[in-house]
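Subject: Structure handover

Hello,

Here is the structure I promised to pass on. Please open it first, then read my notes below.

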Amino acid sequence: EETATPGDEDSRELHKMLWALQHPPIPVGRRSAVCSKIRAVVHTFDGAITSGLGAQIHFLTALLSYSFRSGRVLVSASPDHWNYAGSECTAGWGCYFEALSSCTQDSLHAAGTVGIGAGGDG
């Protein structure tokens, strides 16, 4: 898949590798069959009420790095309540941005899946 990432060849290759990890090919109607075998990190913003936006993005970036290094997919918790999205939004990060992964929390069943939250302010 062609990317719009500016920069050198290493940046483009890293972007492709991250995209492939976060968005495995999923045939129509087979999300659970594919994602149930994938190890993941499930992230929630619940409880991160005093962390600034920059701190939360930094935390999410660190989690993406950890996920990549450990061969896991970074997935948003569902439901998730992100303080910047308002109380009516239960999709957390997904209320304003594209999903972190093609897999969802409900489709994960693999051993080695861990949950990490930004609750308690980071």
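A disulfide is a pair of cysteine sulfur atoms within 2.5 Å. Keep that cut-off in mind for the cysteines below.

First, some ground rules. This is a predicted model, in which local features need pLDDT of at least 70 and side-chain atom pairs count only at pLDDT 80 or more, while totals for chains, interfaces and linings use all residues. Residues are numbered from 1 along each chain as its sequence is written, and side-chain values use heavy atoms, with hydrogens and water left out.

**Disulfides**

The structure has two disulfides. Start with Cys89 and Cys95. Their sulfur atoms are 1.3 Å apart. The angle about this S-S bond is 75°, and the link of Cys89 and Cys95 is right-handed.

How accessible are these two cysteines? Cys89 is buried, at 8% relative accessibility. Cys95 is partly exposed, at 32%.

The other disulfide joins Cys35 to Cys103, with an S to S distance of 2.1 Å. The link of Cys35 and Cys103 is left-handed, with -85° about the S-S bond. Cys35 and Cys103 are both buried.

Now number the bonded cysteines in sequence order. The pairing reads 1-4, 2-3.

**The chain as a whole**

What does the secondary structure come to? The chain has three helices and three strands. Both are DSSP runs, numbered from the N terminus: helices are H or I with at least four residues, strands are E with at least two. Along the sequence, the pattern is α-α-β-α-β-β.

The chain has 122 residues, and 32% of them are buried. The accessible surface of the chain is about 7100 Å². Carbon and sulfur atoms hold 58% of that surface. These areas come from the Shrake-Rupley method with a 1.4 Å probe; for residues, only the protein chains shown count as cover.

Next, contacts (heavy atoms within 4.5 Å). Residues 24 or more positions apart account for 76% of them.

**Salt bridges**

Side chains of opposite charge can pair when their charged atoms come close. A salt bridge is a side-chain nitrogen of Lys or Arg within 4 Å of a carboxyl oxygen of Asp or Glu. How many does the structure hold? There are two salt bridges.

One pairs Arg12 with Glu9, at 3.2 Å from N to O. Arg12 and Glu9 are three residues apart in helix α1 (residues 9-22), so about one helical turn separates them. Arg12 is partly exposed, with a relative accessible area of 26%. Glu9 is partly exposed too, at 42%.

The other pairs Lys16 with Glu13, whose closest N and O atoms are 3.9 Å apart. Lys16 and Glu13 are also three residues apart in helix α1, so about one helical turn lies between them. Lys16 is partly exposed, with a relative accessible area of 33%. Glu13 counts as partly exposed, at 34%.

Best wishes

Conventions
Buried < 20%, exposed > 50% of the residue type's maximum accessible area, 1.4 Å probe, protein only.
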